[in-house]
Structures are given as C-alpha cells and as structure tokens.
Amino acid sequence: MAKAKIAVNGYGTIGKRVADAVRAQDDMEVVGISKRTPNYEAAVAHQLGYDIYTPAENVEAFEKAGMPAAGSVEEMIEKADLVVDCTPGGVGEKNKPLYEKAGVKAIWQGGESHPIAGFSFNAVSNYEGALDRDLVRVVSCNTTGLCRAITPIDRELGVKKVRAILARRATDPNDIKKGPINAIVLHPVKLPSHHGPDVKSVIPHINITSAALLVPTTLMHLHTVNMEVNTDCTAEDIKKIFSSQSRIRFIGQGITSTAEIMEVARDIKRPRNDMWENCIWPESITVNEKELYFFQAVHQESIVVPENVDAIRAMMGLESDGAKSIEKTNKALGV
C-alpha cells in the first residue's frame, strides 16, 4: 500500500511534534512542513531533512538564511493527500479555502472551533466516526485528557455527570511573551469554561461542567476530576479500568508534582521530554457512593500528537479499527 502523503502546515509546538510522529509511522510520510520565517525552528527542520515551504513572499528570506525553501505553501498542499494544520488558533480557519481549493483532506487542532470540520476527534472515543472523512478537528490537550479518562469509565460503568476543575499552565516553555508570572487567573471568570462543551463535541451524551484557572507554570495542566457513575464500584475497579488504557499512565513512587513528571519524561529519554499519556495518580482515586475523584496531569505540548496520527489513519482509510491504530501509533512512538 502506498504511504499517505502528509503536509504539516505550521511547524511550532504541535506541528514539529506531529511531523516527527508522522515520520515514525510506516504507512505515512511527510511531504513538507511550512514556516513563515527562517527562525531557529525552521533551521532545526532544515537540519532534520524536512522540505520547508513558506508563503511565496518569504521564499527569498529563506534563501538568504541558508535554508532554501522547497516552494510555496500552496505547492506543498498540492503534493499532499492530507494537511495537518498546526497554525495558531484562528489562522487555521483562514487556511480552509486553500485546502478546499486543492481538494485535500485536512485536520485542525483544538484552537479552532468545532464547526470548522463538523467533527471533533479523540481516538479512544470516536475513531470510527472519522473513517474516510475529509475534515476533522483534533480537540485540545485538556479535552483530549478528559475524553481519554471519561470514555472508558462511561463504557464500563455509565457516567451520570462529570465536574472538572482545570489548573492550566500559563503558556508553553518557549513562549517569552505571556504570563501570568505571579498570579492565579480565573480563565474565564464566567462558568462553565469551554472545556466541558468541547468534551460534548466528542461525546455528546456526557453531562459535564468545567472551570479553569491559569497558574504561573509552563510544564503541564492539572485536572481535579469528579465523576458520578451509574454502577456501584470501588477504587480498585476504577484503577483496573484506567490501567487497561495504553494512553493512561499511573504516576507514583513519591511523585506529587508536574515537575517530577517532566523529570520522568527526561529520564526515560522521551523526545522533547514529551509525555503523551494522561498521568493519573492512582492513590488519588477515591470512590464514595458512586462518586469518584482523581487527579490527572496533562502535558499540553504533546498529548494530542498521537491523536493526530490516528486521525490521519482513520481519514485516509489506512486502518478501520481504532484499537489497532492506537496500538500501531503507540508502538511507533514508543508509548
């Protein structure tokens, strides 16, 4: 079978990780990545052997910087079967006419809203719904983490309602322009936050409400999750369900912080210190009269990366079984 030809439009925090993850698969290949400016990320992409495409007016700047562009963004899109749009939120919507004109399939990230594709994706929750689709949105890091935790519990026990409080990292480690540095910010003040409705875009029948805060860290998000289920269960039952999920990782050995989780990622030599899995503290799992509570940490830079790979596989018809795609992606990445 011929490999699916994938273009990555936007080579930033998510785009560079998606490009590497696609490159690691044996059923797809990267035909090019796009950058607007010849900065350090573009220089690394050039060193890694990616063909760099840029808006036509910027081709000369790349030439002068010693990393000749392979062509324009439009030319990159023409070479692709599918484009993964990893541009900043709001920019992806402006790119949609480009993809429609070229007749290519497209994936957007959680920074865009659900209507852009009409289908929001999480591999464990609704893989089959993405089969052979032309347009898909992979939900945000926080929504991905919530869907991965809610779906297996709902399938085993039935979820009556979910209440989640999200302590969100203020910005990514390489972003020097944002804060807060010394504050906890209600984000938003009005309740609920957008995360609950976003979960419902993937799992419509789930009753969920969320609240979010920004805290002065760049490492991870931390969720406090409360679920009410329909079936009597114990903490051990919940642990058993979570432990069956390959993209949920139990955190223990005295770890009480996101900083230590990132240290684990470094120690096990993950690329870019990435933690692709939900990190759940098993000792936090508590059940009382069909209500369960737990803490989970979400690495915002990387958790959606395997989801993008699975979305590609579903949309291109490379694998009809979601569990098999997840297994294949995990094996190639080293999850």
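**Note on selected residues of the predicted model**

1. Not counting residues up to four places away in sequence, Ser125 touches Cys147, Thr151, Arg155, Val202 and Ile203; contact means heavy atoms within 4.5 Å. This is a predicted model, in which local features need pLDDT of at least 70 and side-chain atom pairs count only at pLDDT 80 or more, while totals for chains, interfaces and linings use all residues. Residues are numbered from 1 along each chain as its sequence is written, and side-chain values use heavy atoms, with hydrogens and water left out.

2. Ser125 sits in helix H6 (residues 123–126). Helices (H or I, at least four residues) and strands (E, at least two) are DSSP runs, numbered from the N terminus. Ser125 counts as buried because its relative accessibility is 17%; buried means under 20% relative accessible area, exposed over 50%, and partly exposed in between (1.4 Å probe, protein chains only).

3. The Ser125 side chain has a polar contact of 2.6 Å with the side chain of Thr151 and one of 2.8 Å with that of Asn122. A polar contact is a pair of N or O atoms within 3.5 Å; within protein, one must be able to donate a hydrogen and the other to accept it, and residues adjacent in sequence count only if both atoms are side-chain atoms. Thr151 is also among the residues that Ser125 touches.

4. An unreviewed UniProt entry places the feature "active site" at Cys141. UniProt positions are given in the numbering used here, feature names are shortened, and annotations may be inferred rather than shown by experiment. Cys141 belongs to helix H7 (residues 141–157) and is buried, with a relative accessible area of 14%. Leaving aside neighbours within four places in sequence, Cys141 is in contact with His221, Val298, Gln300, Ile303 and Val304.

5. Two cis peptide bonds deserve a check. One runs from Gly179 to Pro180, with omega near 5°; Pro180 is in the loop between strand E9 (159–169) and strand E10 (185–186). Another joins His187 and Pro188, with omega about 5°, and Pro188 lies in the loop between E10 and helix H8 (195–202). Most peptide bonds are trans, and most residues other than glycine have a negative phi.

6. Gln253, not a glycine, has a positive phi of about 50°. Gln253 is placed in the loop between strand E13 (248–250) and helix H10 (258–267) and counts as exposed at 79% relative accessibility.

7. Lys269, also not a glycine, has a positive phi of about 60°. The loop between H10 and strand E14 (278–280) holds Lys269, which counts as exposed at 71% relative accessibility.
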